[in-house]
Amino acid sequence: MNAHEIDYEIYGEEMQYVEIELDPQEAVVAEAGSFMMMDTDIKMDTIFGDGSNQDSGVLGKLFSAGKRLLTGESLFMTAFLNVGQGKKQVSFASPYPGKILPIDLSEKNGKFICQKDAFLCAAKGVSVGIEFSKRLGRGLFGGEGFIMQKLEGDGMAFVHAGGTMAKKELAPGEVLKVDTGCIVGFSQTVDYNIEFVGGIKNTVFGGEGLFFATLRGPGTIYIQSLPFSRLAGRVLASVPRGGKDKGEGSLLGGLGDIVMGDNKF
């Protein structure tokens with residue numbers, strides 16, 4: 001498998017985007033909705049699956065696209081091909097505040113495992129599949145970490161992490177316990193499982209869920225401080241119910257919004 005060799009640069013701090021430079025006839029594939037801007041002479045095309053097996057016939061294309069349904073993603077991805085004569089740029093933006101992580105799969109022995117919604121874009125030729133769990137605990141209690149994506153190939157791929165990202169290098173046998181939603185991805189040498197928190201007080205009053213992930217080295221792990229589900233949960237918790245809102249802590253409530261100029265549309 002030989003993916004297209006692409007150059008890139010990441011811009012921004014909290015709301016990042018990656019600008020990818022394409023030589024003539026080079027292409028990049030991306031999740032629908034991540035596109036930001038592009039130069040002229042870049043052709044955009046919607047494809048089944050990830051584009052890594054476009055020459056494998058109809059069944060191969062359907063199988064590639066079908067794998068994406070299991071991760072909750074669209075059947076289609078978008079390919080951006082440079083059909084011009086010189087170098088051209090195309091940019092993709094992160095979906096919410098966080099960091100974009102570049103992954104060189106040739107340095108990861110051809111495989112990297114990540115959260116099902118972390119993938120942003122990759123050089124054409126990189127395969128985006130699913131990592132099936134062989135352990136019952138993962139399947140029943142893994143939550144967000146139940147179905148992981150696997151990125152395979154020898155090119156560049158880009159994944160997104162919410163909030164601040166931490167990188168941990170685990171020695172052989174070293175174990176790190178992580179909230180399942182906070183996992184961004186890890187190298188294929190890391191062993192991954194789900195463990196019960198334990199304890200009546202922790203289970204009933206802990207507020208952190210009943211299970212967490214145990215990651216055993218050797219290998220590299222990337223962890224995010226703000227998984228999207230946590231962000232969405234906080235937003236939903238603050239949505240007004242029954243026609244009333246929290247008034248941002250003001251004693252005046254809705255009247256305070258009018259007085260202070262917080263006019264809602």
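The paragraphs below go through this structure from the whole chain down to single residues.

The model is predicted, and for this reason local features are given at pLDDT of at least 70 and side-chain atom pairs at pLDDT 80 or more, while totals for chains, interfaces and linings use all residues. Residues are numbered from 1 along each chain as its sequence is written, and side-chain values use heavy atoms, with hydrogens and water left out.

The chain has five helices and 19 strands. These elements are DSSP runs numbered from the N terminus, a helix being H or I with at least four residues and a strand being E with at least two. Of the 265 residues, 41% are buried. Buried means under 20% relative accessible area, exposed means over 50%, and partly exposed is in between, with a 1.4 Å probe and protein chains only. The chain exposes about 14,300 Å², of which carbon and sulfur atoms supply 57%. Accessible areas come from the Shrake-Rupley method with a 1.4 Å probe, and for residues only the protein chains shown count as cover. Among contacts (heavy atoms within 4.5 Å) with a separation of 6 or more, 78% are between residues 24 or more positions apart.

In soluble globular proteins, nonpolar side chains tend to be buried together. A nonpolar core is a set of buried Ala, Val, Leu, Ile, Met, Phe, Trp, Tyr and Cys residues joined through side-chain atoms within 4.5 Å. The largest one here has 37 residues, and Ile-20, Phe-92, Cys-121 and Leu-151 have the most contacts inside it. A second, separate core has 14 residues, including Ile-113, Met-148, Ala-213 and Ile-223. Apart from neighbours within four places in sequence, Cys-121 touches residues including Val-18, Ile-20, Phe-92 and Phe-158.

Next come the aromatic rings. Rings of Phe, Tyr and Trp (its six-membered ring) pair if their centres lie within 6.5 Å; planes under 30 degrees apart count as stacked, over 60 as edge-to-face and the rest as tilted. This rule gives six aromatic pairs. Tyr-11 and Tyr-17 are a stacked pair because their ring centres are 5.1 Å apart and their planes are at 20°. Tyr-11 is partly exposed, at 28% relative accessible area. Phe-186 and Tyr-192 form a tilted pair, with 5.7 Å from centre to centre and 40° between the planes, and both residues are buried. Phe-35, Phe-80 and Phe-92 make up one aromatic cluster.

Phe-35 also belongs to a nonpolar patch on the surface, together with Met-36, Met-37, Met-38 and Met-44. Strand 4 (residues 35-38) gives the most to the patch, with four residues.

Some backbone details remain. Gln-25 is not a glycine, yet has a positive phi of about 70°; Gln-25 sits in the loop between strand 2 (17-22) and strand 3 (27-30). Asn-109 likewise has a positive phi, about 60°. A cis peptide bond joins Gly-217 and Pro-218, with omega about 20°. Pro-218 is in the loop between strand 18 (211-216) and strand 19 (219-224).

How values were computed. Patch = residues over 30% accessible without salt bridge, like charges linked within 9 Å, V, L, I, M, F, W, Y side chains within 5 Å. Salt bridge = Lys/Arg side-chain N within 4 Å of Asp/Glu carboxyl O.
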